[in-house]
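Dear colleague,

Please find below the structure that I am handing over to you. My findings follow directly after it.

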Amino acid sequence: MGSEEVKVVSFWVSPFGKRVEWALKLKGIEYEYIEEDIFNKSNLLLQLNPVQKKVPVLVHAHKPIPESFIILQYIDETWKQYPLLPQYPYQRALVHFWADFGERKLLNPSWVAMCSSGEDKEEALKVAREAMEKIEEEIKGKKFFGGDNIGYLDLALGWISYWLPVFEEVGSMQIMDPLKFPATAAWITNFLSHPVIKDNLPPRDNMLVYFHSRRKALSSSFKGWFKV
């Protein structure tokens, strides 16, 4: 089942798409990358993901799978080498809990804080920093969230290592204080040092330009919370 053609439809700066690529590379799965213009969506994307019309989409054996977390689980169940999820159900459930937590309580508020100002920004920063405290406790004493090797949760939270510093610079703010969160800072170093990760990151200078433009486009009309 695992030998059919694999394609990834994504956008160059999407942390959600990078999760998928990282997982495939960790497992040694070759794939074709298809760049999508998310501001002028192609017929291909609309055909592959007609419900959400979002990237990333994994195509395996001509069957499309959307949503990065669902794709990660599909990849892990399809290709057994280099397991990403723990063996036991309770541990897997905790991984899914923390992945969802990172999305709702850290990624979304960090994006809001980057794009907003005033009370909206302060409230979002408060939520994000509180989430960082919880994540710090979870990574203490570990090299990776997955133990000795990068696992599902490392991929789910991998954006913290590379995208969050860009959000912080663009939004003139600090969420990940390495002095307050030394275990997370050590994890970031370990994560970014892994060959699969460090060789598959978007150019930082281009990211700064892109996210500055997104902040400018969104900040004037920003009212309340929204998702990436």
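A search of the whole structure, which is a predicted model, finds 8 salt bridges. In one of them, the side chains of Lys 27 and Asp 76 meet with a distance of 2.9 Å from N to O. Lys 27 belongs to the loop between helix 1 (15-26) and strand 2 (32-35), while Asp 76 belongs to helix 3, so this pair ties together parts that are 49 residues apart in sequence.

Division of the chain

The domain assignment of the protein chain gives domain 1 as residues 2-78 and domain 2 as residues 89-227. In the model, residues 4-83 are 36% helix and 21% strand, whereas residues 88-218 are 75% helix and 0% strand. The end C-alpha atoms are 20 Å apart for the span 4-83 and 43 Å apart for the span 88-218.

The interface between the domains

The C-alpha centres of domain 1 and domain 2 lie 21 Å apart. Contact between them involves 17 residues of domain 1 and 25 residues of domain 2. The size of an interface is often given as the accessible area lost when the parts come together. Here, the area buried between domain 1 and domain 2 is about 1800 Å², and carbon and sulfur atoms give 76% of that area. Trp 12, Trp 22 and Phe 69 supply 36% of the area that domain 1 buries against domain 2, which is more than any other three residues. The rule finds 1 salt bridge across this interface.

Helix 4 and Glu 103

Helix 4 covers residues 89-115 and has 27 residues. From its first C-alpha to its last, helix 4 reaches 38 Å, close to the 39 Å expected at 1.5 Å a residue. Helix 4 also bends by about 30° at Glu 103. The side chain of Glu 103 meets that of Arg 19 in a salt bridge, at 2.7 Å from N to O.

Two backbone details

Most residues other than glycine have a negative phi, and most peptide bonds are trans. Where does the model depart from a negative phi in a residue other than glycine? One such place is Glu 67, with a positive phi near 70°; Glu 67 sits in the loop between strand 4 (63-66) and helix 3 (68-78). The peptide bond from Val 55 to Pro 56 is cis, its omega being near 0°. Pro 56 is part of the loop between helix 2 (43-48) and strand 3 (57-60).

Yours sincerely

Key: Residues numbered from 1 in each chain as written. Predicted model: local features only at pLDDT ≥ 70, side-chain atom pairs only at ≥ 80, totals over all residues. Heavy atoms only, no water. Helix = DSSP H or I, 4+ residues; strand = E, 2+ residues; numbered from the N terminus. Expected span 1.5 Å × (residues − 1). Bend = angle between axes of the 7 residues up to and from the residue. Domains from an automatic or database assignment. Contact = heavy atoms within 4.5 Å. Buried area = accessible area lost by both parts, 1.4 Å probe. Salt bridge = Lys/Arg side-chain N within 4 Å of Asp/Glu carboxyl O.
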